[in-house]
There are 2 protein chains.
Amino acid sequence: MAATELDPVLKAVDAGLDGALARLFDFLRIPSISTDPAHASACRSAADWVAGELEALGFTAVVHPTAGHPVVVARTDTGASRRVLFYGHYDVQPVDPLNLWETPPFEPRLGTTPDGRRTIVGRGACDDKGQVLTFLEALRAFRSTRGALPVDVTVLLEGEEECGSPNLPGFLAAHAGELSADLALVCDTGMWDQRTPSITSSLRGILHTELTIEGADRDLHSGLFGGAARNPIHVLATILADAHDADGRVTLPGFYDDVREPPAEVRARWQALGLTAEAFLKPVGLSVSAGESDRLVIEQIQSRPTFEVNGMFGGYTGAGTKTIIPARATAKISFRLVADQDPAKLRAGFETFVAARVPADCRAVFHWGEGARAFLVPPESPDLGHAAGALEAEWGVAPVTIGSGGSIPVVGQFKDRLGVDTLLIGFALDDDRVHSPNEKYDLTSFHKGTRSWVRILDALSHA
Amino acid sequence: MAATELDPVLKAVDAGLDGALARLFDFLRIPSISTDPAHASACRSAADWVAGELEALGFTAVVHPTAGHPVVVARTDTGASRRVLFYGHYDVQPVDPLNLWETPPFEPRLGTTPDGRRTIVGRGACDDKGQVLTFLEALRAFRSTRGALPVDVTVLLEGEEECGSPNLPGFLAAHAGELSADLALVCDTGMWDQRTPSITSSLRGILHTELTIEGADRDLHSGLFGGAARNPIHVLATILADAHDADGRVTLPGFYDDVREPPAEVRARWQALGLTAEAFLKPVGLSVSAGESDRLVIEQIQSRPTFEVNGMFGGYTGAGTKTIIPARATAKISFRLVADQDPAKLRAGFETFVAARVPADCRAVFHWGEGARAFLVPPESPDLGHAAGALEAEWGVAPVTIGSGGSIPVVGQFKDRLGVDTLLIGFALDDDRVHSPNEKYDLTSFHKGTRSWVRILDALSHA
């Protein structure tokens with residue numbers, strides 16, 4: 001469709017902004033904190049609310065109960081040549097500490113940043129209610145101007161994203177047929193900066209384990225046994241210390257075997273971004289990269305695998321002192337996987353590495369999670385190109401196509417269970433205070449995000 | 001005094017055993033659990049009870065209130081040529097888990113071990129009420145046969161030993177003059193084995209610190225920052241791993257500078273004991289020594305200093321997983337000091353060691369405890385010889401004079417504040433289940449322990 005043919009739809013977005021904001025405020029007033037059982041009925045209300053909105057847009061919407069909070073599935077069936085599956089979530093993070101909020105978290109309001117940007121303030125304004133509505137409002141603009149959408153759409157909204165999506169994998173397995181689509185779209189990520197849109201086209205995989213080193217059959221008196229009895233904290237510390245060398249490389253056997261080097265043009269693009277470790281780390285109070293010393297920081301956080309200790313505990317951890325040699329010590333460890341790394345192979349490599357460092361009278365006990373491989377939209381994917389073109393048309397700047405260092409399991413599940421690739425496109429900004437008090441979403445993100453989806457859906461319909 | 005002159009006193013002990021047991025049972029019925037505020041009045045009752053017993057033995061006894069539980073001080077002033085200061089405690093450990101007790105912990109009873117030894121069962125039977133009464137019953141035997149004690153005695157009994165003696169150092173400082181003596185005696189330690197008595201003539205010192213490594217100014221998302229941001233758990237693990245070499249030696253600079261080699265005859269005695277690491281560690285489920293590979297296990301636990309991590313925590317320690325790089329990680333560390341090691345020097349050495357391993361954008365924060373030097377009764381001390389002779393006369397076997405790897409701060413405080421050396425002589429056995437359900441004290445420990453004190457007090461009076 002020529003740009004001019006899309007103009008009425010975009011104009012409908014512009015003209016309808018006040019109505020869209022009113023709807024977002026209604027959505028934001030529902031305190032759908034999924035992790036708190038006291039808010040279960042609010043989660044149900046949020047599911048019902050969004051299902052009602054989808055029905056009003058001509059969708060057939062069903063609120064599916066689960067063992068936790070409901071899953072909303074809504075679809076159009078117009079026989080369009082293509083179908084997209086849109087995923088988002090209607091639940092939000094808890095709001096504590098409440099005293100740090102300038103206004104009540106579930107009384108949304110418009111605000112202004114110190115540098116003059118207008119914002120929508122409230123829990124969920126960005127994550128993910130505001131981002132979900134950018135997509136729904138784009139659909140509304142098509143309906144109101146043309147009476148039809150350019151593609152068929154399945155909307156999948158869950159209510160447990162903020163508490164680990166425990167019921168989603170089972171739901172996807174049980175409803176795989178109903179959810180089949182040509183492409184999945186997720187609006188839960190951010191812009192590169194205030195002016196530059198971004199498409200997240202790769203995600204690192206993830207693998208968790210909890211490693212416990214067991215020594216004596218009880219905590220020992222460190223006066224009576226200290227000097228002779230093995231201390232499991234010492235054993236665990238040695239394992240963790242040995243896992244990286246002085247150059248920041250992970251030393252586990254075979255760890256880098258299935259890691260691929262990025263294509264030269266990708267690396268050139270990264271280099272051109274000019275992101276230094278100091279600039280990247282400064283906002284969190286750090287300055288020196290801990291990663292592989294011969295890699296760009298953007299590689300370290302996107303295309304390179306990691307070994308990270310997320311938590312560790314052993315022995316006495318209360319106030320004051322207790323002179324014991326503990327019976328055991330535990331580390332919660334996660335790996336970020338890239339490219340072709342296989343969770344099963346990493347698991348075997350780490351177990352071998354640990355076994356070589358456990359004294360004869362101690363034991364290593366592992367509790368492994370399932371693990372998820374890395375995910376990558378092939379750079380030559382036509383849909384990636386369509387979406388990129390649409391975003392450039394809206395923002396006047398080519399989007400940065402980046403990998404994310406994070407792991408979004410639903411994307412891997414879409415690939416594994418539904419056989420569908422995902423484009424992650426979102427309009428969050430770094431200063432949105434997601435998960436924190438005074439969460440906000442820029443009015444520009446909301447408005448131009450909606451316009452972006454109009455252009456993207458149009459572009460995808462021509463694929 | 002010739003052995004025959006002591007016979008009436010020893011006979012009085014034998015004849016009075018039933019009465020002594022009845023008194024011990026009265027003492028054991030008082031649930032003086034010092035750590036539990038609900039038992040404060042029981043602690044007061046125990047202090048009153050023992051002060052009453054001492055008054056009945058001709059002492060002037062005072063129950064001194066403190067910010068916690070009272071301190072009992074009782075003394076005789078007969079103008080004897082020597083004065084001993086006897087220290088013990090009237091408080092006991094908590095009794096949970098209560099369901100593992102065969103009979104109620106504060107209803108003392110006589111029992112029998114599987115190998116036929118008669119025992120006194122109840123909380124405090126050994127630690128320390130039974131041991132304290134061995135000394136008091138020895139005094140009673142002197143009083144009943146001679147009307148006088150062979151030495152003047154000051155008895156100091158505290159009620160907070162099981163909760164860290166928070167008020168004792170201040171009490172000692174405030175009452176130093178009143179507590180002056182020629183020698184201190186403590187009955188809170190054990191026999192070498194069922195037949196062999198023991199004198200603990202050295203204790204390791206102790207130094208505590210809590211070390212926190214601080215990295216980013218908040219917990220970071222390990223997907224977004226993993227690979228670039230420094231993980232304080234990794235930094236701390238490296239510090240802890242580096243603190244020992246592969247041979248079990250502590251690598252801190254200057255750590256062994258002020259450690260002394262034991263005299264050849266002490267080492268010969270140790271070697272003759274034939275204690276293997278496997279035999280020493282087997283009861284706690286271990287088999288391989290973690291200590292310096294060129295040292296006897298008895299050296300490792302007594303005459304060598306240690307670096308031990310008593311507890312460690314950082315990041316997420318709840319159930320399941322949380323993909324963070326924590327902002328900080330903490331280790332609770334203690335050193336056991338020997339010989340001339342100076343807490344201040346160790347402190348400086350460790351701070352230097354840590355500083356060399358903290359990246360430029362992280363910080364190391366220490367919280368140091370006060371520290372206590374090691375304590376040693378000189379092997380040539382005449383009182384040590386007197387006590388050893390007395391014990392050999394009672395048991396028919398020369399006592400093993402050993403160092404203890406533990407640290408009993410009161411002994412250091414006696415040395416520092418009162419200028420007095422301490423002999424630690426006790427009759428506990430390894431199977432007494434001190435601090436555990438079904439605590440017991442062998443009837444033989446109680447009876448021959450009392451007889452031992454008769455002989456020791458007599459021997460000390462001739463010094």
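These legends walk through several close-ups of a predicted model. Residues count from 1 along each chain as its sequence is written, chains are lettered from A in the order in which they are written, and side-chain values use heavy atoms, leaving out hydrogens and water. Since we're looking at a predicted model, local features need pLDDT of at least 70 and side-chain atom pairs count only at pLDDT 80 or more, while totals for chains, interfaces and linings use all residues.

**View 1. The two domains of chain A.** Domain 1 takes in 3-203 + 375-461, and domain 2 takes in 205-259 + 305-368. These bounds come from an automatic or database domain assignment. Between the C-alpha centres of the two domains there are 39 Å.

View 2. A:Glu439 and A:Arg123 pair up at 2.7 Å, N to O. (A salt bridge here is a side-chain nitrogen of Lys or Arg within 4 Å of a carboxyl oxygen of Asp or Glu.) The partners are 316 residues apart: A:Glu439 sits in the loop between strands E17 (422-425) and E18 (440-442), A:Arg123 in the loop between strand E5 (118-121) and helix H4 (129-146). Helices (H or I, at least four residues) and strands (E, at least two) are DSSP runs, numbered from the N terminus. Both A:Glu439 and A:Arg123 are buried, where buried is under 20% relative accessible area, exposed is over 50%, and partly exposed is in between (1.4 Å probe, protein chains only).

**View 3. A salt-bridge network in chain A.** A:Arg249, A:Glu261, A:Arg267, A:Glu292, A:Arg295, A:Glu299 and A:Arg304 are all tied together by salt bridges. Over all chains, the structure has 74 salt bridges.

**View 4. Two salt bridges in chain B.** B:Lys345 meets B:Asp258, with the closest N and O atoms 3.2 Å apart. B:Lys345 belongs to helix H11 (343-355), and B:Asp258 to the loop between helices H7 (232-242) and H8 (264-273), 87 residues apart. B:Lys345 is partly exposed at 39%, and B:Asp258 is partly exposed at 27%. In the other pair, B:Asp431 and B:Lys440 have their closest N and O atoms 2.7 Å apart. B:Asp431 is partly exposed at 29%, but B:Lys440 is buried at 2%.

**View 5. A three-stranded open sheet in chain B.** The strand order is E4-E5-E18, paired antiparallel; strands pair if DSSP finds at least two bridges between them. E4 (109-112) and E18 (440-442) each have a single partner strand, so one side of each lacks a neighbour in the sheet. Four bridges join E4(B) to E5 (118-121), and B:Arg109 stands opposite B:Val121 in E5(B).
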